[in-house]
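Please work through the exercises below with the sequence and the 3D structure at hand, and try each task before reading its solution.

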Amino acid sequence: MAAEDFGFGAFVAGTASRLLHVATLLTGEPAEPPGANPHAQRLVAAALGTAYARWDRLRGEDPYAYTRRELTVRFARTAWRFHRGRGGLLCRLTPQERLAVVLRLYEGLYEEQVAALMGLPHERVRALCRHAVGTLRSTPRRAAAS
């Protein structure tokens, strides 16, 4: 193993669970029981694979930010699969709302950073987050009917 491989191994050990949580929130899959989030696991594996392939060229770039960007781009390309959540915490949100909320609130990025990642104006990101938070605060229809 090359010295870079040990650096990448430490990176994966330190960030894989957080990246998997981000991917699970994005896909709208449940986190429990283990293995209930196969789409999220595939997204993380693909993003980490890309990061590994570029590892020696990431000098000066934050590897977590690079991998998160890869993860979000891969999610955005396949978001049509996740239009309806699969029982996860954010399953009531559209894929675009999930992406905006996860990056903004869970990952703590500024609106401008989220807008750049999503290719949207920051005003649109603000509106997506506002609508998503309102949806999450409202009572789900099934619970209200009970």
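The exercises that follow concern a predicted model, and each is paired with a worked solution.

**Exercise 1.** Describe the elements of the chain and how much of the chain is buried.

*Solution.* Begin with the elements: the chain holds seven helices and zero strands, and from the N terminus on they run α-α-α-α-α-α-α.

**Exercise 2.** Find which elements build the largest nonpolar core, and which residues have the most contacts inside it.

*Solution.* The largest nonpolar core has 35 residues, and Leu71 and Met118 are those with the most contacts inside it. Two or more residues of this core come from each of α1 (3-27), α2 (38-54), α3 (63-77), α4 (95-106), α5 (111-118) and α6 (122-137). Among these elements, α1 gives the most, with seven residues.

**Exercise 3.** Determine how α5 is oriented relative to α6, and which residues meet between them.

*Solution.* The axes of α5 and α6 come within 8 Å and cross at roughly 100 degrees. Angles from 65 to 115 degrees count as roughly perpendicular, and therefore α5 is roughly perpendicular to α6. On the α5 side, Glu111, Glu112, Val114, Ala115 and Met118 meet His122, Val125, Arg126 and Leu128 of α6. Sorted by class, this contact has five nonpolar, one polar and three charged residues.

Conventions: Residues numbered from 1 in each chain as written. Predicted model: local features only at pLDDT ≥ 70, side-chain atom pairs only at ≥ 80, totals over all residues. Heavy atoms only, no water. Core = buried A, V, L, I, M, F, W, Y, C linked by side-chain atoms within 4.5 Å. Buried < 20%, exposed > 50% of the residue type's maximum accessible area, 1.4 Å probe, protein only. Helix = DSSP H or I, 4+ residues; strand = E, 2+ residues; numbered from the N terminus. Axes fitted to C-alpha atoms, helices over the stretch in contact; angles between N-to-C directions. Parallel < 35°, antiparallel > 145°, perpendicular 65-115°, else oblique. Contact = heavy atoms within 4.5 Å. Nonpolar A, V, L, I, M, F, W, Y, C, P; charged D, E, K, R; others polar.
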